[in-house]
Amino acid sequence: NNPLYNDLQVSDFLSFVADIRHIPKSQKRSKVKDIIKTCGLEKVVKQNIGELSKGFRQRVGLAQAMIHDPEILILDEPTSGLDPIQIAEIRDLIKELGKEKTVIFSTHILAEVEATCGRVIIINEGNLVGSGTIEELQRKARSGVVVYAKIRGPTEAVMTKLKTLPKVTEGKLIQNIGDNLNKYEITISEDIDINENIFQVVKDNGWSLTELYSERATLEDVFIKLTTTEKKDN
């Protein structure tokens with residue numbers, strides 16, 4: 001929860017924060033006006049903070065933290081306890097702020113990280129165990145990309161052809177659906193798109209392709225792998 005004065009109106013509270021942040025009187029009015037607009041508080045500016053929804057209180061908290069225009073903004077669980085609409089609104093606001101400022105977003109809700117952050121740092125028991133873009137960490141957690149294909153055709157022939165595709169390190173049958181239709185799991189060593197190659201193989205051999213999709217490691221997969229590996233190493 002934000003440390004806010006619930007008995008103050010939003011405008012009065014932000015004016016007070018501007019004073020304790022030593023914003024010059026000549027700039028205070030414009031600073032308050034600008035931050036109210038930036039944080040989308042126009043509709044509630046004359047309401048007491050205690051009467052606001054949690055989503056708007058989170059916005060007031062962001063306004064309080066930003067009114068003096070800091071270079072770095074540190075947010076701890078800014079979407080905790082919000083409903084889905086409020087979460088989407090705060091995410092969008094954070095992403096907009098990130099275009100102009102460094103935003104450090106601390107959270108254990110990995111879906112929020114995937115939706116909001118451009119770079120991730122994973123800390124386990126005080127130790128840095130992972131750092132990079134989400135894509136870089138996904139590649140680290142899973143060596144390559146897994147592609148799933150449902151192909152109607154002779155099993156052995158299909159397997160042989162799939163294993164000869166570029167960068168394929170493993171191919172296996174994971175489900176026999178029936179009527180010569182099977183689901184295959186194909187692991188490739190690099191994050192490249194081989195969907196067209198698979199389609200071409202199926203076409204050239206007169207088989208049928210009923211499903212084709214790729215699956216990368218989720219951020220949850222990354223977190224579990226990096227934090228459990230760290231514990232084993234210790």
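**Notes on the model**

1. At 15% relative accessibility, Gln86 counts as buried, a class defined as under 20% relative accessible area with a 1.4 Å probe and protein chains only. Gln86 belongs to helix α4 (residues 84-97), and, leaving aside residues up to four places away in sequence, it touches Ser53, Lys54 and Gly55, contact meaning heavy atoms within 4.5 Å.

2. This is a predicted model, in which local features need pLDDT of at least 70 and side-chain atom pairs count only at pLDDT 80 or more, while totals for chains, interfaces and linings use all residues. Residues are numbered from 1 along each chain as its sequence is written, and side-chain values use heavy atoms, with hydrogens and water left out.

3. An open sheet of four strands runs in the order β6-β7-β5-β8 with antiparallel pairing, where two strands pair if DSSP finds at least two bridges between them. Strands β6 (168-178) and β8 (208-215) stand at the edges with a single partner strand each, so one side of each has no neighbour in the sheet.

4. Helix α7 (residues 155-163) lies across β5, β6 and β7 (181-188), at about 155° to β6, whereas helix α8 (residues 195-204) lies across β5, β7 and β8, at about 165° to β8. Axes are lines fitted to C-alpha atoms, for helices over the stretch in contact, and angles run from 0 to 180 degrees between N-to-C directions.

Conventions: Helix = DSSP H or I, 4+ residues; strand = E, 2+ residues; numbered from the N terminus. Buried < 20%, exposed > 50% of the residue type's maximum accessible area, 1.4 Å probe, protein only.
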